[in-house]
Amino acid sequence: MKTAYDIIKKPVITEASMAGIAENKYVFEVMMSANKVEIKKAVEEIFGVQVASVNTVKLPAKNKRMGIHVGKTTAKKKAIVTLKEGSKPIEIFEGMI
């Protein structure tokens, strides 16, 4: 059975994701098989916040080369989590802005 810590892998720290914090939007890398309901429950359980909506994006694997060696990066899934108006902010993003 999947736990909340299995579903949410890590936060995504980029300029675009940091700009979304002003609008209560946080970005996480999640399990490929996780659906929106599981992601919502996991974020609420781990961080103790109220989630308004979840949007997901699947990022395909990319071809990469190192000299003559050819390989692929891993495919990823991102979740953009929007918090409700009265909800507290997520602490791990506090000092990043």
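Is Lys 88 buried, partly exposed or exposed? Keep that one in mind; the tour comes back to Lys 88 at its last stop.

**The whole chain**

Start with everything in view. This is a predicted model. The protein chain has three helices and six strands, and from the N terminus on its elements run α-β-α-β-α-β-β-β-β. Along its principal axes, the C-alpha trace spans about 55 × 35 × 20 Å. Of the 97 residues, 31% count as buried. The accessible surface comes to about 6,600 Å², and 56% of that belongs to carbon and sulfur atoms. Among contacts with a separation of 6 or more, 61% are between residues 24 or more positions apart.

Now select residues 8-11, which are strand E1, residues 25-30, which are strand E2, residues 51-59, which are strand E3, and residues 76-83, which are strand E6. Together they make an open sheet with the order E1-E2-E6-E3 and antiparallel pairing. E1 and E3 stand at the edges with a single partner strand each, so one side of each has no neighbour in the sheet. On average, neighbouring strands here are turned by 30° against each other, direction ignored.

- E1 and E2 pair over three bridges in the antiparallel sense. To see one of the positions, select Ile 8, whose bridge partner in E2 is Val 30.
- E2 and E6 pair over six bridges, also antiparallel. Select Tyr 26 and look across to Val 81, its bridge partner in E6.
- E3 and E6 pair over eight bridges, again antiparallel. Here Asn 55 has Ile 80 in E6 as its bridge partner.

How many of the six residues of E2 are buried? Five of them are, and the strand is mostly covered.

**The helix across the sheet**

**The hairpin**

Next, select residues 63-66, strand E4, and residues 69-72, strand E5. These two strands pair in the antiparallel sense over four bridges, and Lys 64 stands opposite Gly 71 in E5. E4 and E5 form a hairpin with two residues between them. Click on Gly 67 in the turn: its phi is positive, at about 70°.

Go to Ser 17, in helix H2 (residues 15-19). Why does Ser 17 count as buried? Its relative accessibility is 6%, and the cut-off for buried is under 20%. A polar atom of the Ser 17 side chain lies 2.9 Å from the backbone oxygen of Val 12. Leaving aside neighbours within four places in sequence, Ser 17 is in contact with Val 12, Lys 25 and Val 27.

Then find Thr 82, in strand E6. Thr 82 also counts as buried, at 17% relative accessibility. Apart from neighbours within four places in sequence, Thr 82 is in contact with Asn 24, Lys 25, Val 51, Ala 52 and Ser 53.

**The salt bridges**

A search of the whole structure finds three salt bridges.

Select Glu 38 and Lys 2, whose side chains meet in a salt bridge at 3.1 Å, N to O. Glu 38 lies in helix H3 and Lys 2 in the segment before helix H1 (4-7), so the pair ties together parts that are 36 residues apart in sequence. Glu 38 is partly exposed, with a relative accessible area of 26%, and Lys 2 is partly exposed at 31%.

Move on to Lys 10 and Glu 29, which form a salt bridge at 3.8 Å, N to O. Lys 10 is in strand E1 and Glu 29 in strand E2, so this pair ties together parts 19 residues apart in sequence. Lys 10 is partly exposed, with a relative accessible area of 46%, whereas Glu 29 is buried at 14%.

Last, select Lys 88 and Glu 91, a salt bridge with the closest N and O atoms 3.3 Å apart. Here is the reply to the opening question: Lys 88 is partly exposed, with a relative accessible area of 39%. Glu 91 is partly exposed too, at 46%.

Terms used
Residues are numbered from 1 along each chain as its sequence is written. This is a predicted model: local features need pLDDT of at least 70, side-chain atom pairs count only at pLDDT 80 or more; totals for chains, interfaces and linings use all residues. Side-chain values use heavy atoms; hydrogens and water are left out. Buried means under 20% relative accessible area, exposed over 50%, partly exposed in between (1.4 Å probe, protein chains only). Two strands pair if DSSP finds at least two bridges between them. Axes are lines fitted to C-alpha atoms, for helices over the stretch in contact, and angles run from 0 to 180 degrees between N-to-C directions. A polar contact is a pair of N or O atoms within 3.5 Å; within protein, one must be able to donate a hydrogen and the other to accept it, and residues adjacent in sequence count only if both atoms are side-chain atoms. Contact means heavy atoms within 4.5 Å. Accessible areas come from the Shrake-Rupley method with a 1.4 Å probe; for residues, only the protein chains shown count as cover. A salt bridge is a side-chain nitrogen of Lys or Arg within 4 Å of a carboxyl oxygen of Asp or Glu.
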